[in-house]
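Subject: Structure for you to look at

Hello,

Here is the structure I said I would pass on. Please open it and keep it in view while you read the notes below.

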Amino acid sequence: MTVEIRVPALGESLTTATVARWLKNSGDYVQHDETIVELETDKVSVEVTAPSAGRLEDCVAVGTEVEIGGLLGAVDETADAPAAPEPAAAEPAPVPKAAAPEPVASSGRVTPPAPEAPKPVSVTPAPKLFSHEARERRVPMSRLRQTIARNLKAAQNTAAILTTFNEIDMSAAKALRAEYKDEFEKKHDGARLGFMSFFARAVVGALKDYPAINAQIEGDEIVYRDFVNLGIAVGTERGLVVPVLHDADQMSFAELERRIADYGKRARTGGLKLEELSHGTFSITNGGIFGSLLSTPILNTPQSGILGMHAIQDRPVVRDGQIVIRPMMYVALSYDHRIVDGREAVSFLVRIKQLVEDPRRLLLDL
């Protein structure tokens, strides 16, 4: 009996996918529920498993666009499983060869062998400097990369994007984290206390004061939200994805850290679900983990704001008339000037600065 392999349902907004790669080849014997093919959609990668054990047949070619419910291949259940390979016999140890005797002259002296005639040396001609085509590779853009490109260009074409900057003294946050990180991890089942949760909580607090940055334009209307769905940008080999912490305003430090760590891990393995990438209202991107000192993040439309975090760097600053060295971070807010005024954007970033520089405000909601 032959069992068909079909494209599973991928979500309400997705109707097609592309065959990214086969983990097994036609003719291979596969086990029931073994992952055999990876599909790529506009937002996520989806692994498809074998519906039963048998021989894989009629695999659709890599790069083919398939619809939901479309045929990917088949499994022949009547095929016999391959026999287990017999263990290879141990090979005998090689016997070392005796050294060739040197010729002995009649006088009893040992005579060294005559030197070999010199061999001509072949010289490989140097490649021509203008022959670039032989050193180029053409690789089709993935569905995810095409979608990222379209969305980023649409953001530039649609929104009136401006960016404002500030810098944050991370001394208090670093001291608080160093003092409580071990106790925090023990109490909250291994959840590690990082700086992202400080900024996530600061964003939630600042958005309450400046709700336009958490809103979006729909036609001739502005949609304001009384909740925060916070997107956290994650860089992967496939491209940038932005999983969303739904109702982040209701989460504790520990819950934020657990969810952020989980999303980061599953984003890199392609294990995110479609609903975990949807309905964000504001985003954070952290170029600092790659060493970025300053950048202008681009909006994740239709959102109206995105916060860019950067590397923490010891720099000289003036405190109470004295020059001191402090761990400083540049932060950037890109915003849609159609809905957010400059005064609101600057004030929002100053509020972030206040909350992170004095983390007690986050705990006391001040």
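The notes below cover aromatic rings and the charged side chains over them. Please bear in mind that this is a predicted model.

Aromatic pairs

Searching the whole structure gave 3 aromatic pairs. One of them is Phe-195 with Phe-198: the ring centres are 6.3 Å apart and the planes meet at 50 degrees, so this pair is tilted, falling between the limits of 30 and 60 degrees. Both residues are in helix 3 (residues 195-209), and because they are 3 residues apart there, about one helical turn separates them.

Phe-198 is buried, its relative accessible area being 2%. The ring of Phe-198 also pairs with that of Phe-253, with 5.5 Å between the centres and 75 degrees between the planes, so that pair is edge-to-face. Phe-253 belongs to helix 4 (residues 253-269) while Phe-198 is in helix 3, so the contact ties together parts 55 residues apart in sequence. Phe-253 has a relative accessibility of 13% and therefore counts as buried, the limit being under 20%.

Taken together, Phe-195, Phe-198 and Phe-253 make up one aromatic cluster.

Charges over rings

Which residue lies over the face of Phe-195? That is Arg-177, at 5.3 Å from the ring centre. Elsewhere on the list, Arg-315 lies over the face of Tyr-330, at 4.0 Å from the ring centre.

Regards

Notes:
Residues are numbered from 1 along each chain as its sequence is written. This is a predicted model: local features need pLDDT of at least 70, side-chain atom pairs count only at pLDDT 80 or more; totals for chains, interfaces and linings use all residues. Side-chain values use heavy atoms; hydrogens and water are left out. Rings of Phe, Tyr and Trp (its six-membered ring) pair if their centres lie within 6.5 Å; planes under 30 degrees apart count as stacked, over 60 as edge-to-face and the rest as tilted. Helices (H or I, at least four residues) and strands (E, at least two) are DSSP runs, numbered from the N terminus. Buried means under 20% relative accessible area, exposed over 50%, partly exposed in between (1.4 Å probe, protein chains only). A charge sits over a ring if NZ of Lys or CZ of Arg is within 6 Å of the ring centre and within 35 degrees of the ring normal.
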